[in-house]
Amino acid sequence: MKEKLSLICDRLLSHQQIACCQLFFGIPHHGKDLLIYNILDLQQKPLLLIGHHGVVSAMTFGNAMSPVLLCSASDDYIIVWDVQKCQKQTQKGELPTGKVIGTLLGKIIHLSFCFCDERVAACTEAAIYILSPKTQETQSRLTGHLGPLTSAEFCPWNENVLISTSEDRTFKVWDLNTETVVYQSFVLSAFPLLNVMFLESERFLIVGSADGQVFCYSIGDNHKFSPVTKLDLQKLEKRYKVQRRNMSHEAGNSRSLQQHKEVGESSTEDKVETSKPILALFCPLRNKNINEIDNSWFCIGSSDGLYVVDLATSELSKVLFFKEISSLSINMAGAWSISPKFENTMLVLVSSLFTPRVALMEMCLGDLEKIENGDEGLSVFPSSPPLHRSSLNTELKMKEPSNPKKKGSVQEQPLVFHSKVKSSGYTSSPRQVMFSPKTNAQKKSPPKKSKNVSSLHTDYPAEDAAPTIPCTDLSLVNNQVLCLQHSGDGKQILCGLEDNSVLMYKSRLTGKPKIFIGHDKPVRSVSWSLSRQYWLSASEDLSLRMWTHCSSEPAIVMGDGMFSKPIRGAQFYYLDKFVLLGSGPSLHLYLYNVDVTSDDIKRYHRRSVFKLATRLKTSSTEITAMSAINDFLSYIVLVCGSDRSIQVVDMNRGGVASTMAEAHSRSIHCITQNKGSRFCTQTSDSYNLFLTSAITDGLKLWDLRTMRCVRRYDSHVIRCHPCFSSISPCGRFIATGSEDNCAYIYDIRSSLHLHKLHRHTDTVLSVSFNPAKPELLTGTLDGKLRLFQTNSRPD
């Protein structure tokens, strides 16, 4: 950001609408006159426009490049000027004139043109006037707000729709054809709403308030407005500074250290919190020369600088503070006016908050690019074989039998050559009927072997819609469903319950379930092995159990004081070679061998064994969630800690490869990786995506390659219960539980929810996609299981 021109005015222009476009900018002069400067030639004498008798209170430029229209307003007149025509009149020695389109409407607070410059909306304290520059008539007068108006803007894709904001802290949507309100918001903030902006590409409406709150709504058909997210500029700035500080710590060069010192000094200076009013909202058009700038980002002009917000992640991508740019003559802004993009640059006219000064600034859109984290190159796919001393090379050595048989000893041999010996018939009754041959016997053809079509693997229909049609309901009698997981073939489902048990159902929830009992406290985690022969259950009783199909008793029990803290996550790892679990601040990696044979004399003696391969301590006080991929060889384990961080652990090297601090505002209770399915293929980059969820902080999608949040999902409600999420096998959908008795399905590419699954009777805690077919299973707080399918699947 650099300053092109700085002007001293004859009066204070803070909290007043000023005007700037690609070719000109204008400011009031002596109260009732206007000075128009040519941006292409700033040395040229400014154009003086005389016509108002009262103090000019608002002004704005039109959207067309030719002719360039300027609308100015005072208590007496609202005048529309053709700037290029006025320049020609001045060159001829004539007095520049404009069209008076409104008279004696009162003090005008805000002016705005529609996108074709055929209508002007003028906001007074009590009403909105829709004026026509061509006919110079007042088309309509809109009233309804309970407080003074602050702004009004036309919808870019429907010019018959106008949205206004007011000091009554609400916004209204007007239909100009009927002059009626078609939508009115609730009271959004404790402070007045100042301005609105449209994101045409996303069909979003963004509203800013005087206390730094930003509200985003999606605009649907029939004027249906749905909240997308809410941002607090003060909190966003704090998180941004923490991220920059962490990046400075990780970068060891002197430049980063100097940036860290500057951030530390600024943080000590900003001990007194100041309000950050949303003075301007604007979205530059995408520039093809800049590497993949997403069209979901927009800019906020506040009193202390410019904030670039990525709406997909609800995070700051860049902040330009006035006080950090020594070449600027303004340290605090009172009003903003932004021109559209022009040749990779954008012009901004800013008035000073406390001094009578305005400054014209030029910003290069390349300076607003998203900041990439320095930790690149991380991937769930290994780039090299395991190290020689890696714990992943550890093998479990089985003990040899203590009493081996001596060589040369006579071994027991069978007395006959067959396993079965025909009876002599002494105990059978004497035969009453003699042998009679069958003369009409027909030869029986051997039965044809029928192919079991259901046993053949079919591809997952990746193009099908999300499962939204309820087909099966099941009640577990007020028993909380704390966790769910489908088997790899999609035929069975494990349910961890609050009554300390684990239930195994068929995926269609038919028949009686198998019940596995042994824990003393609620089961918080269940996990299938890749071979589907074993499964794990972890409980709050500080124990982990491994089960098999052939017995209702666990084959392996890890407990008896082995762990001092609850097990927050347990799963099979590295193609079923290890059992991985998190307890306290450490990751535990166990080798195991399952032996289900038993001795009648020692029937309670378990022959299965396990051995600790390694224990890695993280920097967190306690692990709250963890995840790793077991479907293929991967060194990466994702760990979430009580310090609200995400740590990437490299099990090959035995250490933390990367850390993302302050990933959420609360501790993360759920982390879900995109693990795909054997029935569906995804691109290799898709497997580097993972989800995290925290109470009151929504759902975030992360990219492991850059360790940055790439999208945020906030439509669901999660205030006190830990609701879990799941990614579909095709990688297109995200399902999550919610406290409003619904399950939400998101398109992974959009922050808006795609479907809202109703008919639940309590909070939806757990969700699980079937890896073999498009089905979704949900579990609720009151013990209800519900299965959803798609339209295309026959029931």
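User: Before we look at the first helix, what does "buried" mean here, and what counts as a helix?

Analyst: Buried means under 20% relative accessible area, exposed over 50%, and partly exposed is in between, with a 1.4 Å probe and protein chains only. Helices (H or I, at least four residues) and strands (E, at least two) are DSSP runs, numbered from the N terminus. One caveat: this is a predicted model, where local features need pLDDT of at least 70 and side-chain atom pairs need 80 or more, while totals for chains, interfaces and linings use all residues. Residues are numbered from 1 along each chain as its sequence is written, and side-chain values use heavy atoms, with hydrogens and water left out.

User: How many helices and strands are there, and what share of the chain is buried?

Analyst: The chain has 3 helices and 56 strands. Of its 795 residues, 53% are buried.

User: Okay, which residues of H1 are buried?

Analyst: In H1, residues 83–91, they are Val83, Cys86 and Gln89. They sit on the same side of H1, because the arc they cover around the axis is only 115°; that arc is taken from the directions from the helix axis to the C-beta atoms. The face turned away from the buried side carries the exposed Lys88 and Gln91.

User: What do the buried residues of H1 pack against?

Analyst: Contact means heavy atoms within 4.5 Å. By that rule they pack against strands, among them E3 (24–29), E6 (58–61) and E8 (77–82). After H1 comes Gly93, with a positive phi near 85°.

User: Now Ser112. Is it buried or exposed?

Analyst: Ser112 counts as buried because its relative accessibility is 3%. It lies in strand E10, residues 110–113.

User: What does the side chain of Ser112 have a polar atom close to, and at what distance?

Analyst: A polar contact is a pair of N or O atoms within 3.5 Å; within protein, one must be able to donate a hydrogen and the other to accept it, and residues adjacent in sequence count only if both atoms are side-chain atoms. Here a polar atom of the Ser112 side chain lies 2.8 Å from the backbone oxygen of Ala152. Leaving aside neighbours within four places in sequence, the contacts of Ser112 include Thr60, Arg119 and Phe154.

User: And how do I read a nonpolar core?

Analyst: It's a set of buried Ala, Val, Leu, Ile, Met, Phe, Trp, Tyr and Cys residues joined through side-chain atoms within 4.5 Å. The largest one has 22 residues, and those with the most contacts inside it include Met1, Phe322 and Trp336. Strands E27 (345–352) and E28 (357–364) are among those that each supply at least two of its residues. A second, separate core of 21 residues includes Val214 and Leu316.
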